[in-house]
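Trainee: I've got a model open and a few things I'd like to talk through. Can we go over it together?

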Amino acid sequence: MISIAVEPFLAAYEEAFPLLEKHYLELALNQDRVPLKPKLSVYVELEARGELLIMVAREEGKIVGYFSGFIRSHLHYETMTVCSMDIFYIAQDKRSANPRAGIKLFRAVEKECVRRGVHNLIVGSKVHKDASPLFKYLGYDPIETYYAKWIGG
């Protein structure tokens with residue numbers, strides 16, 4: 001059975017790094033140009049300010065998924081607190097073995113966000129690995145579409 005809990009960033013990061021590498025290989029674009037190299041000091045600083053939410057999914061003590069989000073007052077609407085998703089991932093083998101793992105993860109994230117006074121949880125989906133059915137099932141509404149173009153060297 002999968003359990004979900006809030007965990008400290010650095011401890012979770014160190015243990016979850018092999019899964020993060022799989023996440024990167026499955027989903028990241030421009031891998032030939034952009035290596036996986038998170039700015040750990042920024043995550044630590046955000047956590048110290050209470051602006052980082054790390055939720056970890058475990059099965060038999062082992063990390064099988066995670067959610068990372070940034071919590072702060074919205075820059076346009078000072079009275080609204082938002083949690084903007086950074087990343088989320090459920091190990092491939094756990095998705096097929098437990099198709100409700102993503103639902104369980106996001107229900108736990110929602111509950112923790114409510115506990116922290118968040119008004120609006122903003123999530124996103126890669127176009128090439130679309131998670132929209134999950135978000136629609138959970139009652140999220142589509143709000144924007146982003147586009148990207150590699151213009152660097």
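Trainee: Let's start with the cysteines. How far is the sulfur of cysteine 113 from the closest cysteine sulfur?

Mentor: Keep in mind that this is a predicted model. A disulfide needs two cysteine sulfur atoms within 2.5 Å. The closest cysteine sulfur to that of cysteine 113 belongs to cysteine 83, and the gap is too far for a bond: 3.9 Å.

Trainee: Okay, so how many disulfides does the structure hold?

Mentor: A disulfide is a covalent bond between the sulfur atoms of two cysteines. Cysteine 83 is in none, with the sulfur of cysteine 113 as its nearest, 3.9 Å away. For the structure as a whole, the number of disulfides is zero.

Trainee: Is cysteine 83 buried or exposed?

Mentor: The cut-off for buried is under 20% relative accessible area. Cysteine 83 has 0% relative accessibility, so it counts as buried.

Trainee: Which element gives the largest share of the largest nonpolar core?

Mentor: That core has 26 residues, and Cys83 is among those with the most contacts inside it, as are Leu53, Phe67 and Val109. The elements giving it two or more residues are E1, E2, E3, E4, helix H4 (101-115) and helix H5 (132-137). The largest share, seven residues, comes from H4.

Trainee: And how many residues are in the second, separate core?

Mentor: In soluble globular proteins, nonpolar side chains tend to be buried together. Here the second core stands apart from the largest one and includes Ala16, Leu19, Tyr66 and Tyr89. Its residue count is 16.

Trainee: What is the bridge partner of phenylalanine 70 in E4?

Mentor: Strands E3 (residues 62-73) and E4 (residues 81-90) run antiparallel and are joined by nine bridges. Phenylalanine 70 has its bridge partner in E4, and that residue is serine 84.

Trainee: Last one, on the whole chain. What is its radius of gyration?

Mentor: The chain has five helices and five strands, in the pattern β-α-α-β-β-β-α-α-β-α along the sequence. The C-alpha trace spans about 45 × 40 × 35 Å along its principal axes. The globule rule gives 15 Å for 153 residues, and the chain is close to that, so it is as compact as a globular protein of that length; its radius of gyration is 16 Å.

Note on methods. Residues numbered from 1 in each chain as written. Predicted model: local features only at pLDDT ≥ 70, side-chain atom pairs only at ≥ 80, totals over all residues. Heavy atoms only, no water. Pairing = 2+ DSSP bridges. Helix = DSSP H or I, 4+ residues; strand = E, 2+ residues; numbered from the N terminus. Buried < 20%, exposed > 50% of the residue type's maximum accessible area, 1.4 Å probe, protein only. Core = buried A, V, L, I, M, F, W, Y, C linked by side-chain atoms within 4.5 Å. Rg over C-alpha atoms; globule rule 2.2 N^0.38 Å.
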